[in-house]
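Visitor: I would like to learn how to read a salt bridge in a protein model. Could you take me through it step by step?

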Amino acid sequence: MMDTKDKTEERRRRKGGFTLIELVVVLAILAVLAGIMVPSYMGYVEKAKEKRHLVEAKQLQSAVYTMMMEEAAFSAEGAPEVPEELFWETLDSEKNPLRGFYPAGWKRDGVVTKIDVDEDGFLKEITYSSPEGETETWILHSEDGMLEVEIQTE
C-alpha cells in the first residue's frame with residue numbers, strides 16, 4: 001500500500017506540471033532580477049539622452065560658427081555680432097542660417113529667437129521657440145576642453 005507521499009509523487013510524474021510553490025519561487029526570483037535591472041536600465045537611458053544632447057550641441061555649435069563666418073558683422077572691437085534678420089526664420093526655411101542642423105526635439109516650424117556667441121564666434125547660448133509658445137534655451141559651457149550642455153525649458 002502506498003502512503004500519501006508516494007501518491008503525490010506519482011500524480012506529479014503523470015501530469016508533468018509544477019507545484020504552486022515552485023511557481024511562486026520562480027516568480028520571486030524573476031521579481032528580484034527585474035528589481036535589479038530596471039534602475040540600471042534607467043541610468044543607461046539618461047546617459048544616452050545626455051550624449052545625444054552633446055552631439056546635437058556640437059552640431060549647433062558648428063552650424064552657428066559657420067554662419068558667423070559667412071553672415072555675421074563684426075563690431076569695432078572685432079567681436080562678432082549676429083544680424084537680427086537671421087532670426088525668426090522657421091527651421092525648415094531655406095533662409096534659416098542653421099541649415100538643417102537643429103536638435104531632434106525641435107519642430108520644423110519653430111524659430112530660433114536668440115543666438116549668443118563668444119568673442120571667437122563660438123556658440124554660448126541659443127534659444128528656440130516652438131509654434132506652441134514653449135521655449136528651450138541651450139547654454140553651452142566648455143571646461144577643460146569638454147563641452148557641457150545645460151537645457152532650460154519654459
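**Reading the salt bridges**

Guide: Lysine 107 is partly exposed, with a relative accessible area of 40%, where buried means under 20% relative accessible area, exposed over 50% and partly exposed in between, using a 1.4 Å probe and protein chains only. This is a predicted model, in which local features need pLDDT of at least 70 and side-chain atom pairs count only at pLDDT 80 or more, while totals for chains, interfaces and linings use all residues. Residues are numbered from 1 along each chain as its sequence is written, and side-chain values use heavy atoms, with hydrogens and water left out.

Visitor: Which side chain meets that of lysine 107 in a salt bridge?

Guide: A salt bridge is a side-chain nitrogen of Lys or Arg within 4 Å of a carboxyl oxygen of Asp or Glu. Here the partner of lysine 107 is glutamate 132, at 3.1 Å from N to O. The pair links distant parts of the chain, 25 residues apart, since glutamate 132 lies in the loop between β4 and β5 and lysine 107 in the loop between β2 (80-81) and β3; helices (H or I, at least four residues) and strands (E, at least two) are DSSP runs, numbered from the N terminus.

Visitor: How many salt bridges does a search of the whole structure find?

Guide: The search finds 4. One of them joins glutamate 56 to arginine 52, with the closest N and O atoms 3.6 Å apart; these residues are 4 apart in helix α2, so about one helical turn separates them.

Visitor: Is glutamate 56 buried or exposed?

Guide: Glutamate 56 is buried, at 8% relative accessible area, whereas arginine 52 is partly exposed, at 41%.
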